[in-house]
Amino acid sequence: MSNFQTNPVAFVREGMIPSAPPPYTAGGPIKWLRENLFATPANALLTIVAAYVIYLVLASTLPWVLNGVWTANSLAECREILNGTSGACLAVLTERWPQLLFGFKYPSDQYWRPALAFALLFVAVAPVLFFDLPRKLLTITALYPFVAFWLIWGGTILAPILALVGCVGGYLVYQRFVKGSFAIGFFGGIAAAFVIWMVGGALIPDGASENSILTAIPSRDLGGFMLNMMLGVTCVSLSIPIGIALALGRQSRLPLIKIICVVFIEFIRGVPLITLLFVANVMLAYFFPPNSSVDLFLRVVIMITMFSAAYIAEVIRGGLAALPTGQYEAANSLGLDYAQAMRLIILPQALKISIPGIVNVAVGLFKDTTLVSVISMFDLLGMIRGPILASTEWNGVYWELLGFAALLFFVVCYGISQYSQWLERRLATGHR
């Protein structure tokens, strides 16, 4: 009998022993700190210097904010409450927040209308920003501009209905002529929509707004951060498709279309935005039919949209130039016409490449909406520099108001940048 039979093995392993966790210093927060903040002596020195600068900033600002006064009727009363100690007079925010958000003329009992329009904005943009959602939700996106227009401005509901009819007519014109030229179809659709809207607006009875469900509010009564949001969302939404059309028109083989697009882009890029805003305030009304009162908000939207569309056109043209010629040849080999090739093959790749540039233009455009204060439109900064600081109660309060404005703009711009980074990772722009 063998030795194995006389002395059987006492234990036979039935499974693998689980792997032990790495040492504490080789994983977790310590590993992250070593790899990101203290990887080299130079990085360690920069980390220490940056931490010291952050400490100095927080050591001087945090006590000032935490010791702030939230309840007072004037700056003098804030100083009496502080009694010589350092502290922020945050009471100006608690008292004047309606003016900072909605302006000083918008009726206080109608604040629910722009608030509802702002809430519906997230529902409307969700199918566009997150393309995993059902495509049927794009119907809500298409209807949102007309619903938001009626909520914010009020008046007769015939105005947004006529605008919707104009857009439908423009889309039909686009479908009719897009096979011949994308630029001709796109700009022809815009022209048809504008004509239908202008003619329909002239047919609305003068007393229609008096019998409307929602009280009509003129554009002069809009203000505060609401005005910045309206200009930013409207102009970015309009400038992207117009910028695409301009970029394609600049590469068109039709000399007239190409010359028009080149002249438009180079002229707009060579003129400061503040100059265009003065043109919108003073001269743009002369380009409309006689005896037609064109709203100042509409004129400003036209100029800001033209300004941003020129820059977006150059960004997209760079994306088109980055594509290899083989993509165009592949589209031709499949028998696709110009519109199909652009919609299915060329533009999806060019837009992926152009995401960082488009987001950069969008963020800059949203911040540039504060320039409308120079033409007597009381946006957020216009409200701070005008009615609030001009009042005797809060004359001298600067850091609190400007810090609040900076916080609002930072939240919006940071959200846009974070979404663009998520979109780049989702589309794997650098690898596909």
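This is a predicted model: local features need pLDDT of at least 70, side-chain atom pairs count only at pLDDT 80 or more; totals for chains, interfaces and linings use all residues.
Where does S373 lie? It sits in the loop between α16 and α17, and we'll come back to that loop once we've had a look around.

Let's start with the whole protein. It has 18 helices and zero strands, so helices are what you'll be following from here on. Of its 432 residues, 37% count as buried. The accessible surface comes to about 25,400 Å², and 68% of that belongs to carbon and sulfur atoms. Now look at who touches whom: among contacts with a separation of 6 or more, 69% are between residues 24 or more positions apart.

Next, some helix pairs. Two packed helices are described by the angle between their axes and the distance between the axes, and that's how we'll go through three of them.

Begin with α10, residues 224–250, and α16, residues 355–368. Their axes are 9 Å apart and the packing angle is about 150°. That makes α10 roughly antiparallel to α16, because an angle over 145 degrees counts that way. The crossing of α10 and α16 is right-handed. On the α10 side, the contact is made by F225, N228, M229, G232, C235, V236 and I240, and on the α16 side by I358, A362, L365 and F366. Sorted by class, the residues in this contact of α10 with α16 are nine nonpolar, two polar and no charged.

Now move to α12, residues 273–282, and its partner α13. Their axes come within 9 Å and cross at roughly 150°, so α12 and α13 are roughly antiparallel to each other. Their crossing is right-handed. If you want to find the contact, pick out L273, L276, L277, V279, A280 and N281 in α12, along with L296, R299, V300, M303, I304 and F307 in α13. The contact of α12 with α13 divides into ten nonpolar residues, one polar and one charged.

Stay with α13, which spans residues 296–322, and find α15, residues 338–353. Here the axes come within 8 Å, and the helices cross at roughly 115°. The crossing of α13 and α15 is right-handed. From α13, the residues I316, G319, L320 and A322 meet I346, L347, A350, L351 and I353 of α15. By class, the contact of α13 with α15 holds eight nonpolar residues, one polar and no charged.

Time to zoom in on single residues. L100 is found in helix α5, and it is buried, with a relative accessible area of 0%. Which residues does L100 touch, not counting those up to four places away in sequence? The answer is L93, G224, F225, L380, I384, I388, L401 and F404. Take L380 from that list: L100 and L380 are 280 residues apart in sequence, yet their C-alpha atoms are 5.7 Å apart in space.

I416 is partly exposed, with a relative accessible area of 28%. Leaving aside neighbours within four places in sequence, I416 is in contact with V359 and V363. I416 and V359 are 57 residues apart in sequence and 7.3 Å apart in space, C-alpha to C-alpha.

Now back to the loop between α16 and α17, where S373 lies. Is S373 buried or exposed? It is buried, with a relative accessible area of 15%. Setting aside neighbours within four places in sequence, S373 is in contact with D379, G382 and R385. S376 has its place in the loop between α16 and α17 as well, but S376 is partly exposed, with a relative accessible area of 47%.

The backbone gives us one last stop. Most residues other than glycine have a negative phi. S376, though not a glycine, has a positive phi of about 65°. N83 has a positive value too, with phi near 55°. You'll find N83 in the loop between α4 (75–82) and α5 (91–102), and N83 is exposed, with a relative accessible area of 66%.

How values were computed:
Residues are numbered from 1 along each chain as its sequence is written. Side-chain values use heavy atoms; hydrogens and water are left out. Axes are lines fitted to C-alpha atoms, for helices over the stretch in contact, and angles run from 0 to 180 degrees between N-to-C directions. Helices (H or I, at least four residues) and strands (E, at least two) are DSSP runs, numbered from the N terminus. Angles under 35 degrees count as roughly parallel, over 145 as roughly antiparallel, 65 to 115 as roughly perpendicular and the rest as oblique. A crossing is left-handed if the near helix is turned anticlockwise from the far one by less than a right angle, and right-handed if clockwise. Contact means heavy atoms within 4.5 Å. Ala, Val, Leu, Ile, Met, Phe, Trp, Tyr, Cys and Pro count as nonpolar, Asp, Glu, Lys and Arg as charged, and the others, Gly among them, as polar. Buried means under 20% relative accessible area, exposed over 50%, partly exposed in between (1.4 Å probe, protein chains only). Accessible areas come from the Shrake-Rupley method with a 1.4 Å probe; for residues, only the protein chains shown count as cover.
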